[in-house]
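Trainee: Could you walk me through the aromatic rings and explain the words used for them?
Mentor: Gladly, let's take a look together.

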Amino acid sequence: QVQLVESGGGLVQPGGSLRLSCAASGSFFSINSIRWYRQAPGKQREWVAEVTSDDSPNYADSVKGRFSISRGSAKNTGFLQMNSLKPEDTAVYYCNADIMPTAWEVPRIYWGQGTQVTVSS
């Protein structure tokens with residue numbers, strides 16, 4: 001059973017930083033792209049950032065220049081470094097990844113359970 005588990009959320013003051021982690025566990029062949037989404041109260045879930053299998057990053061305009069996405073050396077962990085946080089970054093942050101269960105299966109999309117990030121003074 002493949003699972004994605006996020007960690008690193010919490011309460012931070014405006015202008016502060018947090019680092020989110022997304023770890024894949026269970027048996028699988030490989031992970032392609034890893035993405036972060038967020039959902040604020042009363043709003044739709046929105047894409048935040050993506051890192052591809054060749055470590056190419058992409059960002060939503062709202063976080064470009066402040067957030068940085070990366071992968072661990074073992075490629076089964078993703079990170080989201082969030083700097084210069086604003087109150088409007090407050091949301092539940094979800095990890096999403098394309099994971100190949102075996103070498104002969106197509107990738108499946110997995111979601112983590114989410115971690116709360118609150119930016120407030």
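**Rings and their neighbours**

Mentor: Tyr 94 counts as buried, because its relative accessibility is 14%, and buried means under 20% relative accessible area, with exposed over 50% and partly exposed in between (1.4 Å probe, protein chains only). This is a predicted model, where local features need pLDDT of at least 70 and side-chain atom pairs count only at pLDDT 80 or more, while totals for chains, interfaces and linings use all residues. Residues are numbered from 1 along each chain as its sequence is written, and side-chain values use heavy atoms, leaving out hydrogens and water.

Trainee: Why does Trp 111 count as partly exposed?
Mentor: Its relative accessibility is 38%, so it falls between those two cut-offs.

Trainee: What makes Tyr 94 and Trp 111 an edge-to-face pair?
Mentor: Their centres lie 6.5 Å apart with 80° between the planes.

Trainee: How do you know that the charged end of Arg 45 sits over the ring of Trp 111?
Mentor: It is 4.8 Å from the ring centre; the rule asks for NZ of Lys or CZ of Arg within 6 Å of the centre and within 35 degrees of the ring normal. Likewise, the charged end of Arg 19 sits over the ring of Phe 79, 4.0 Å from its centre.

Terms used: Rings of Phe, Tyr and Trp (its six-membered ring) pair if their centres lie within 6.5 Å; planes under 30 degrees apart count as stacked, over 60 as edge-to-face and the rest as tilted.
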